[in-house]
Amino acid sequence: MKTDAPIVYVVDDEAGMRKALTRLLNAEGFEVRTFASATEFLAGTSAGETGCVVLDVAMPDLDGMELQRRLTHDGVPTPIIFLTGHGDIPMSVRAIKAGAVDFLTKPVNDADLLRAIRTALSLAASRGDERDRYSRLTPREREVMAHVVAGRMNKEIALDLGTGEQNIKTHRGRVMEKMKIQSVADLVRAAQRLGIGTAPGV
Amino acid sequence: MSWVTIVWSMMAAACLTLAGMHLLIGCRQRKAWGNVLFALVAVAVAGMAACELWMMRAGSPSEWGAVGRWIHVPAYVMMLSLVGFVRVYLRAGWLWLAWAVVGVRSLALVLNFVFSPNLNYREITSLRHIRFLGESVAFPVGVPNPWMLLANLSLVLLVAFVVDATVTVWRRGDVRAAIQIGFNMIFFVLMGTGQAILVLWGFVQAPITPSVFFLGIVAAMAYELSRDTLRAAELARDLGESEQRMTLAAGAANLGIWIHDLQRGDVWASEEWRALFGFTKAERLDLDRFLQRLHPEDRERFRQARARAIEGGGSYEVEYRVVLPEGRLRWIASRGGVECDGAGKALRVRGVSLDITERKEVEEALRESEARFRTMANSAPVMIWMAGTDKLCTFFNKGWLDFTGRTPEQELGNGWAEGVHPDDFDRCFETYSKAFDARERFVMEYRLRCHTGGYCWVLDNGVPRFASDGAFLGYIGSAIDISAVKLAESEAAQQRNELAHLTRVTTLSELSGSLAHELNQPLAIILSNAQAAQRLIAQSPPNLAEVSDILADIVSEDRRAGEVIKRLRTLLKRGEIAFAPLSLNETIEEVLHLAHVDLTARGVGIDRVLLAELPRVDGDRVQLQQVVLNLVLNAADAMSANAPGSRRMQLRTACRNGSVRLSVRDEGCGLPADAESIFAPFFTTKPHGLGLGLSICRSIVAAHRGRLWAEPHSERGAVFHLELPANAA
């Protein structure tokens, strides 16, 4: 395991459920923090902490899907595992497309839950590295990356940024090298994970 | 002028005057023997007075002796008349004593004419003259005749006879007559007898003057008789007045008075009577003419009644019709009394007749209206009964008797109550008595045994009856057989319950997702807890304290799941309707618990404004839950288009005027223009709804004697009101 123990955030309006999950995860050696609502969660966490969220879908005021949307919007990379009492396929598809690690139905089997948590935590860890790499890019390189993940040709980017095509090619090479990514497809996924939108004005 | 002449003449004159008067009365009035006998006494006394006067003036012993013999004749008449008077007028005295007096005196009279000169003297030797009332009067000197004792004995017997009669009269209570006649007679007879004995036996030298004493008797008798005459006159006057009064009264009452003399055969009748029967004043009346006036059908009946009365000497009363000369009919009530003589022979019939045409017409009209009522009552297609002021039934129509198959005798009074179903009897009796005492109308339903032996439901409607002056007369009521209605009602209730069940299942199926969650949630908690426990036990050392906590949680979560299933089962059950007092607040809480997940999922917030002291209502728990659930889900549906933060629903309970009310307010899309249309069957806004929710809710509420209605809220959305009567207890 990592030196700083990863935290599992449990957000569920049902106290009994929070207690049960805490017991299970504690027994597996995870550090657990519980929140009774999405709002409480937003107020009680700070950026920089790594971990994953086990999130109930159906909650009063702010529901799980809405929380996911906010986190993505704010660029918080914390991976999310959804737990739901009555999930349907369209809902799970929407959640996965929005970046959820897994979409589990209650009652949840311990093995399934633990597997999902472990995946999420490793993803969180890798996302932490990815963020480090991204932070080392120059502003010009980030600009170029946004254009690239939007699927634009070098020529178009050069035209937009008012520079030569060769220049763009160099920046692009450096981005790939610094992010340790081989294909544009991987770059797109990384950008998605990092919550980087497509370039403005495109 | 001689005083003796004057006094004795006047005595005689007075006696004769009185005698004349009473003889007249005696002749005019039949059976006035008292007066006749008195007249005889008075005449005799007058004769005695004349003889005495003669004797006092006698010039020779032979003249005195002759007159002394003749004076016995008036004396004889007087004594016999006195005895007769006592017997006739006082109706007393021993008869044998009377005969003894008559016998002894008669013997004395005979002997008087046998001896010479008379009964008193054997011989009269000379006349002496003595002073009497200032003049010289003759007085005999001679040898007294011992047979004179016979005359004295007759006087003594007379006294004894009068004493006996006086005692009898006294005892009879007629004290005045006893004193007036009896005492006077005794006193004066004794005086006269005493004087005669003293003078005639030569003890005293004085003229004999018995007439003076007997005049006292005459005066007493005359006084007594004149009182009788006076009283008779008074009676006659009173009678005249009362007759006048009666005639007046009879005239005023239009009573006709008549007398039929059976001896002479003629009929006297008052003017009123003649007017009643259509006879003129002058027309001669007899029985045949009268019978001619009678209606032929009534003649025989009248004849028989009259004949019976005459035969038995009693009276008769008969009502008959009279055919007046102009052809008009008149009803007459006639009453006659037969008068008989001593031998029981009918002498005359007296009577009164009265015009009763009006009464007869009223009676006839009454009989007709009674008959009309009975015809109507008996042909009416309902059961009709009547009761008197004492609650006892006095009439049942044919409809009733046909229904119960019993006789009027069995049903009258309280007999009808035997047919009331024992389970309904007390309630029935209470309703009936209470309404009866308050003089109020009442309606009651009960089971009544019908002619088949089974019980049928009847609806009985009773109304008090009052006379035109407001006096309470009793009740009249009608009952109809409502078995068919009852059956239809129970079938309708059955169908309503079936439908209620169906819609309940439908409603619950809408909730199935959230209900699954409601069950899922405890299961999820149990599973996670159990798996955590497995890990804790596998640790070394096992964390048993934590495991114990986990088990406690598992138990409570399991119970929670059980509760959900129980609640669901209740709602899904197709059970019998059971009315019981329940709290509407609790019903609301149960429903909100059930719908909690669904409402949460839909983002609906609930505001409860529940009155703590809410009276209970009578109702079926499941059906009322269904109604409340429907209202809550409808409110949530109405707000589905709202922004997530503005989906608030308010449930408010209140109590007013003996009703409990739940108002469910939403902030949704509101009601259609015709708010009532939403309660119509098959009205729905949902693609898969049956459209029976509100319709069945309303019929459930109606079965609870409540109301369910909707109105738009002044700001936004709608308010649904459920109102149920509060439990009185």
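B:Arg705 is exposed, because its relative accessibility is 64%, over the 50% cut-off. This value, like every other in this report, comes from a predicted model. B:Arg705 sits in a loop of chain B, between α21 (693-703) and β18 (707-712). Its phi is near 60 degrees. That is a positive value in a residue other than glycine.

A:Lys180 is not a glycine, yet its phi is positive, at about 55 degrees. Where does A:Lys180 lie? It is placed in the loop between α8 (165-178) and α9 (184-194) of chain A. A:Lys180 counts as exposed because its relative accessibility is 60%.

## Cis peptide bonds

Chain B has a cis peptide bond from B:Ser116 to B:Pro117. Omega there is near 5 degrees. B:Pro117 belongs to the loop between α5 (95-114) and β1 (121-132) of chain B.

Another cis bond runs from B:Ser540 to B:Pro541, with omega near 0 degrees. B:Pro541 is found in the loop that lies between α17 and α18 of chain B.

## Where the chains meet

The size of an interface is often given as the accessible area lost when the parts come together. Here, chain B and chain A bury about 1,800 Å² between them. Carbon and sulfur atoms account for 53% of that area. The contact takes 20 residues from chain B and 20 residues from chain A. Which three residues of chain B supply more of its buried area than any other three? They are B:Gln521, B:Ser528 and B:Arg535, with 27% of the area that chain B buries against chain A.

Polar contacts also cross the interface, in 12 residue pairs. On the side of chain B that touches chain A, α17 (512-538) and α18 (544-572) each supply at least two residues. Helix α17 of chain B gives the most, with 13 residues.

## Salt bridges between the chains

Side chains of opposite charge can pair when their charged atoms come close. The structure holds 53 salt bridges over all chains. How many salt bridges cross the interface of chain B and chain A? There are six. One of them joins A:Glu28 and B:Arg535, with N to O at 2.5 Å.

A:Arg23 takes part in two bridges to chain B. With B:Glu546, the N to O distance is 2.8 Å. This pair runs from helix α1 of chain A to helix α18 of chain B. With B:Asp553, the distance is 3.1 Å, N to O. This pair, too, crosses between chains, from B:Asp553 in helix α18 of chain B to A:Arg23 in helix α1 of chain A. Both pairs belong to a network of salt bridges that links A:Lys19, A:Arg23, B:Glu546 and B:Asp553.

Is A:Arg23 buried or exposed? A:Arg23 is buried, because its relative accessible area is 7%, under the 20% cut-off. B:Glu546 is partly exposed, at 25% relative accessibility.

## A bridge within one helix

B:Asp402 forms a salt bridge with B:Lys398. Their closest N and O atoms are 3.0 Å apart. Both residues lie in helix α13 (residues 398-404) of chain B. They are four residues apart, about one turn of the helix. B:Asp402 is partly exposed, with a relative accessible area of 43%. B:Lys398 is also partly exposed, at 45%.

A:Asn26 lies in helix α1 (residues 15-27) of chain A. It counts as partly exposed because its relative accessibility is 43%. A:Asn26 and A:Val8 are 18 residues apart in sequence. In space, they are 9.9 Å apart, C-alpha to C-alpha.

## A nonpolar patch

Four residues of chain B make a nonpolar surface patch of about 360 Å²: B:Trp170, B:Val175, B:Ile179 and B:Phe183. Which helix gives the most to this patch? Helix α7 (residues 175-200) of chain B does, with three residues.

B:Trp170 is placed in helix α6 (residues 148-172) of chain B. B:Trp170 counts as partly exposed because its relative accessibility is 42%.

How values were computed. Residues are numbered from 1 along each chain as its sequence is written. Chains are lettered from A and ligands numbered from 1 in the order in which they are written. This is a predicted model: local features need pLDDT of at least 70, side-chain atom pairs count only at pLDDT 80 or more; totals for chains, interfaces and linings use all residues. Side-chain values use heavy atoms; hydrogens and water are left out. Patches are made of residues with over 30% relative accessible area and no salt bridge: like charges are joined within 9 Å, nonpolar side chains (Val, Leu, Ile, Met, Phe, Trp, Tyr) within 5 Å. Accessible areas come from the Shrake-Rupley method with a 1.4 Å probe; for residues, only the protein chains shown count as cover. A salt bridge is a side-chain nitrogen of Lys or Arg within 4 Å of a carboxyl oxygen of Asp or Glu. Buried means under 20% relative accessible area, exposed over 50%, partly exposed in between (1.4 Å probe, protein chains only). Contact means heavy atoms within 4.5 Å. Buried area is the accessible area (1.4 Å probe) that two parts lose on being put together, summed over both. A polar contact is a pair of N or O atoms within 3.5 Å; within protein, one must be able to donate a hydrogen and the other to accept it, and residues adjacent in sequence count only if both atoms are side-chain atoms.
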